[in-house]
Amino acid sequence: MSAENSLPTAPDGGTIVFDLDGTLVDSIRDLLPALNYTIDTQGLAPIQAEEIGKVVGQGALKMIARAFDLQSKPLTPDLHKELLEVFLAQYGKHTAEHTVFFDGCLPLLDRLEADGWILAVCTNKYAHLAESLLKTLGERHRFKALTGGDTFDFKKPDGRHIAATAALAGGNPSATVMVGDSISDIAGAKDADIPVIAVDFGYTDIPVTDLDPDIVISHFDEFDAALTALVAQRFT
Ligand SMILES: O=C(O)COP(=O)(O)O
Ligand SMILES: [Mg+2]
């Protein structure tokens, strides 16, 4: 095993809570077509891939609202609800057609599991969509808990979403590390006093370096060193 691929021993209840969209999986390959299908029904122009950070991160309802805002189009509450149904039906049929895990992610999950870390997913996506996405990709079994934006009465950037996910997974929130790509994840982790590794290849309109996470990585090959540093700083 190379020096880069060397994880720290998991502390008691050691848990890694991963965000989903833009962190574990490159999901805009399916999210964007479903969003564009939805807004096209109202004559809006398609959202471009470069703009995805401006719309994703707070769940589907917010994504639709942000798409309308971006094009300064009015959106009534009734139309908003109707379009959510259109989006959910469309995305529900095409959740995992083109979506893939980011490079290096699955080997990392293998290493983490082998080294005794508990894995969980904390996403602002609807839980049933996240469940179906991970099941279709054949990787749901790795995660001891999966919570969505609709699982609790609170969601990221509320830190309770992350802490409750770790607890649900049987982990110790005080020995938990969050991994995410956007302000919801980084602000949420800070709110819960949980250390956070940010990935800079996800979906955000604010560069993650500006959000002051503990560590930024640009590829999952850098994860082991990042986790080693965090465990030494925060858990010993
Ligand atoms: O789909 C969204 O808007 C957010 O999803 P995420 O929390 O997994 O990034
Ligand atoms: Mg994300």
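Me: How many bridges join strand E1 to strand E4?
Reply: This is a predicted model. In it, strand E1 covers residues 15-18 and strand E4 covers residues 118-122. The two strands run parallel, and the number of bridges that join them is four.

Me: Which residue in E4 is the bridge partner of Thr-15?
Reply: Thr-15 belongs to strand E1, which runs parallel to E4. Within E4, the bridge partner of Thr-15 is Ile-118.

Me: In which sense do E1 and strand E6 pair, parallel or antiparallel, and which residue of E6 is the partner of Thr-15?
Reply: Strand E6 holds residues 176-180, and four bridges link E6 with E1 in the parallel sense. Thr-15 has a bridge partner in E4, Ile-118. On the E6 side, the partner of Thr-15 is Thr-176.

Me: Are the residues of E1 buried or exposed?
Reply: Thr-15 and Val-17 point one way from the strand, while Ile-16 and Phe-18 point the other way. A residue counts as buried if 20 or more other C-beta atoms lie within 10 Å of its own. By that cut-off, all four named residues of E1 are buried.

Me: Which residue of E7 stands opposite Met-178?
Reply: E6 and E7 run parallel and are joined by three bridges. E7 spans residues 196-199 and is covered on both faces, with Val-196 and Ala-198 buried on one side and Ile-197 and Val-199 buried on the other. The residue opposite Met-178 is Val-196.

Me: Why is the protein described as being as compact as a globular protein of its length?
Reply: The protein has eight helices and eight strands. For 236 residues the globule rule gives 18 Å, and the protein is close to that value, so it is as compact as a globular protein of that length; its radius of gyration is 17 Å.

Me: What percentage of the contacts between residues at least 6 apart in sequence join residues at least 24 apart?
Reply: The C-alpha trace spans about 55 × 30 × 30 Å along its principal axes, and 44% of the 236 residues count as buried. Among contacts between residues at least 6 apart in sequence, the share joining residues at least 24 apart is 65%.

Me: How many residues of domain 2 are in contact with domain 1?
Reply: Domain 1 is made of 15-27 + 99-234, and domain 2 of 28-93. Their centres, taken over C-alpha atoms, are separated by 24 Å. The side of domain 1 that touches domain 2 has three nonpolar, eight polar and four charged residues. Contact involves 15 residues of domain 1, and from domain 2 the number is 14.

Me: Is Arg-140 buried, partly exposed or exposed?
Reply: Arg-140 sits in the loop between helix H5 (127-136) and strand E5 (145-147). Not counting residues up to four places away in sequence, Arg-140 touches Glu-131, Leu-134 and Lys-135. It has 15 other C-beta atoms within 10 Å, so Arg-140 is partly exposed.

Me: How far apart in space are Arg-140 and Lys-156?
Reply: In sequence, Arg-140 and Lys-156 are 16 residues apart. In space, C-alpha to C-alpha, the distance is 21 Å.

How values were computed. Residues numbered from 1 in each chain as written. Chains lettered and ligands numbered in written order. Predicted model: local features only at pLDDT ≥ 70, side-chain atom pairs only at ≥ 80, totals over all residues. Rg over C-alpha atoms; globule rule 2.2 N^0.38 Å. Buried ≥ 20, exposed ≤ 12 C-beta atoms within 10 Å, placed from the backbone. Contact = placed C-beta atoms within 7 Å. Domains from an automatic or database assignment. Nonpolar A, V, L, I, M, F, W, Y, C, P; charged D, E, K, R; others polar. Pairing = 2+ DSSP bridges.
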